[in-house]
Amino acid sequence: MAAHPPLLDPPRRSPALLRRLAQAIGTASVATVLGCAWVESRAVDLVASGTASSNDVHRAALTDDLFPSATECRTCHPDHYREWSASPHAYAQLSPVFNSMHGTLLQKTNGTMGDFCIRCHTPIGMTIGEPLFGPNAERAPVSQEGISCVVCHRMSHDVGKASGRRPLGTGDLFAPVYGPRDGSELARVKANPSEFGPVVDAPGEVGRRIHAEAHFFEPITSPGFCGACHDVTLPGGFRLEEAFSEYKRSPAAERGESCQDCHMGVEPGIASGYRTAPAAVVGGVPTAPRKRTNHSFVGPDYSVIHPGLYPHNPDAKELATFDEWAAFDWRAGWGTDDFEDTVDDDGAFPERWASIDDRYDAREILDRQLELLGEVREQGTALLRRGYVLGDVRVRRASERGLAFDVEVRNGTDGHNVPTGFTAERLVFLQVTVTDADGEVVFRSGDLDPNGDVRDLHSRYVHDGKLPLDEQLFSLQSRFLTQMVRGGEREQILAVNHSIDPLPYVRPEVRPTILTGRPFAARIHKQGIEPGGKRVASYAVDASTLTGRAPYSANIKLIAGMVPVNLVGAIAGVGFDYGMSAREIADAVVAGHRTLWERDVVLEVR
């Protein structure tokens, strides 16, 4: 068996190298591979051929003013913008883990996977014909915004479960928008300039720019609207994500509760009603109070990138570029009195941050960014605590013959499984440590290897025989299983078969999966908990490991992580955006682990 080295820092990928990688995986032929009329092949060819920079493509797209930035919406909707700016929707395209995973899959499928993944993460970027893979700094600002305002509010008709293929309406800020209310309040604003100030709904006029029309769009209030992206089926019939399908079969759906009720209400993760508040502030005057949905959409993801890049912040974008922010060492305390008081006049800083005033300006912005990230993390933790519940702990044996106990983990929601969505990258596990009366550890399960992985089959330390397999590990992470050439299946980190073809490619399955009840090339072995269900983890501590110093204590933690570190290692070959290394990404992932519940249990030996 070939040995795999521990996770090391691969060479950092520069934007220029990312561009070359993008060309190597076939972005020049995107239009022919996808067969999508809306892909602007001319723009893609310009970038891939090197005859024009991506800025030229962005300039053309912005000149047409097809899709207004969320920053424009912020003028009248500041609260909505603040919520969205730190949301998973806003992080979707900025995530270096997503981008490198997408790039790796493109590489493994010779580019024929096309925009299957990225069209959910930057629908606008794919609509305007941007390259499939490359540094985010070279994408259009509205493309960097991921799932921005117009991605949902420019939808004028229902598309069903389209795996993210969404036909977006084009136009500048004056174009119609679609939402949960009609345009009566908009008409009132326009009819009352003495209250709201002068507004204009067409180009060339002087006044506050505002939408010309607002239309009631019933699907945006229904769970099916979310299902367009949150139910993902691969071309071969492989059901990658089933959040919407799980919901449709849930007790919550039977009661008539919607995705929006739990994920856009007052309390995240529970149908708790909605706030009543103005939807807009025009000329400093709030509109009439109404049902107000929350656009934070908190979940299991968290940022691993520089806080100058995310949350989205117009002030941050005005102060510095992506590369300049990446060079600002905020952890060292730049821009704080404690740090700056120790700096000599000839202190070495990157050119952009040579001025102490600029460093203080940057720190002021970052303090606001970090405060917002802290709020979102608190909300996200509350959401996860509602979904994952640490139940009863039952001691089965506590004697000189050994210890044995069961730990119950319950799904606290009845709206879908936990985890849900892309369950093969959701690491949720129990960490159990048993100590004797003197604090000496006699048993561990759920501990992390030096890379930050649990000791499962994908731990490189376990694979290389440097650490034992954690045979009692309780994990809710699902697993990808792929078929091998001579039959049988193997468990993999990525759901892509190891192809013996020098030119692997993705194609639709020609055999009906209804005959087998499963896809042919790859499948997912789900480990989650059904709505309202539970799982029981059983632990046994052998008598040979006991010290005889009773009583023993078991510390039990239920921990949720965004992704396993082994995924970071599997996608490191294409590099990571923002000049980050695999080690930096992995450390940030582990630092973001959340201990949702913790309990101490005394095991009295009798």
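**Rings, spaces and backbone**

Author: Trp325, Phe328, Trp334, Phe339, Phe349 and Trp353 are joined into a cluster by ring pairs, where rings of Phe, Tyr and Trp (its six-membered ring) pair if their centres lie within 6.5 Å, and planes under 30 degrees apart count as stacked, over 60 as edge-to-face and the rest as tilted. This is a predicted model, in which local features need pLDDT of at least 70 and side-chain atom pairs count only at pLDDT 80 or more, whereas totals for chains, interfaces and linings use all residues. Residues are numbered from 1 along each chain as its sequence is written, and side-chain values use heavy atoms, with hydrogens and water left out.

Among contacts (heavy atoms within 4.5 Å) between residues at least 6 apart in sequence, 72% join residues at least 24 apart.

The structure holds 17 aromatic pairs. One of them, Tyr91 with Tyr310, is tilted, at 4.9 Å centre to centre and 50° between the planes. Tyr91 lies in helix H7 and Tyr310 in the loop between strand S10 (289–292) and helix H19 (314–319), so this pair ties together parts that are 219 residues apart in sequence. Tyr91 and Tyr310 are both buried. Another tilted pair is formed by Phe422 and Phe480, with 6.0 Å between the ring centres and 50° between the planes. Here too distant parts of the chain are linked, since Phe422 is in the loop between strand S12 (402–411) and strand S13 (427–435), while Phe480 is in strand S15 (residues 479–483), 58 residues apart. Phe422 and Phe480 are each buried.

A search of the whole structure finds five cavities of 30 Å³ or more; on a 1 Å grid over the protein atoms alone, a cavity is a set of points where a 1.4 Å probe fits but cannot get out, a pocket is an open set with protein on both sides within 12 Å along at least five of seven lines, and lining residues have an atom within 4 Å of a point. The second largest cavity holds about 100 Å³ of space, a volume being the space filled by probe spheres set on the points, which are joined across faces, edges and corners. Its lining has 14 residues, and those nearest its centre are Ala424, Gln477, Phe480, Gln492 and Ile493. Both S15 and H24 give two or more residues to this lining. The lining of the second largest cavity divides into seven nonpolar, five polar and two charged residues, where Ala, Val, Leu, Ile, Met, Phe, Trp, Tyr, Cys and Pro count as nonpolar, Asp, Glu, Lys and Arg as charged, and the others, Gly among them, as polar.

Turning to open space, the second largest pocket contains about 850 Å³. Among its 35 lining residues, Ser303, Val304, Ile305, Trp330 and Arg331 lie nearest the centre. Helix H7 (88–91), helix H22 (356–387) and helix H25 (582–591) each supply at least two residues of that lining, and the largest share, five residues, comes from H22. By class, the lining of this pocket has 20 nonpolar, seven polar and eight charged residues.

The backbone has its own local features. Most residues other than glycine have a negative phi, and most peptide bonds are trans. The bond from Tyr310 to Pro311, however, is cis, with omega near 5°, and Pro311 is in the loop between S10 and H19. The bond from Val418 to Pro419 is also cis, with omega near -10°, and Pro419 lies in the loop between S12 and S13. Tyr578, although not a glycine, has a positive phi of about 65°; this residue is in the loop between H24 and H25 and, at 14% relative accessibility, counts as buried. Met580 is found in the loop between helix H24 (565–570) and H25, and at 13% relative accessibility Met580 counts as buried.

Terms used. Helices (H or I, at least four residues) and strands (E, at least two) are DSSP runs, numbered from the N terminus. Buried means under 20% relative accessible area, exposed over 50%, partly exposed in between (1.4 Å probe, protein chains only).
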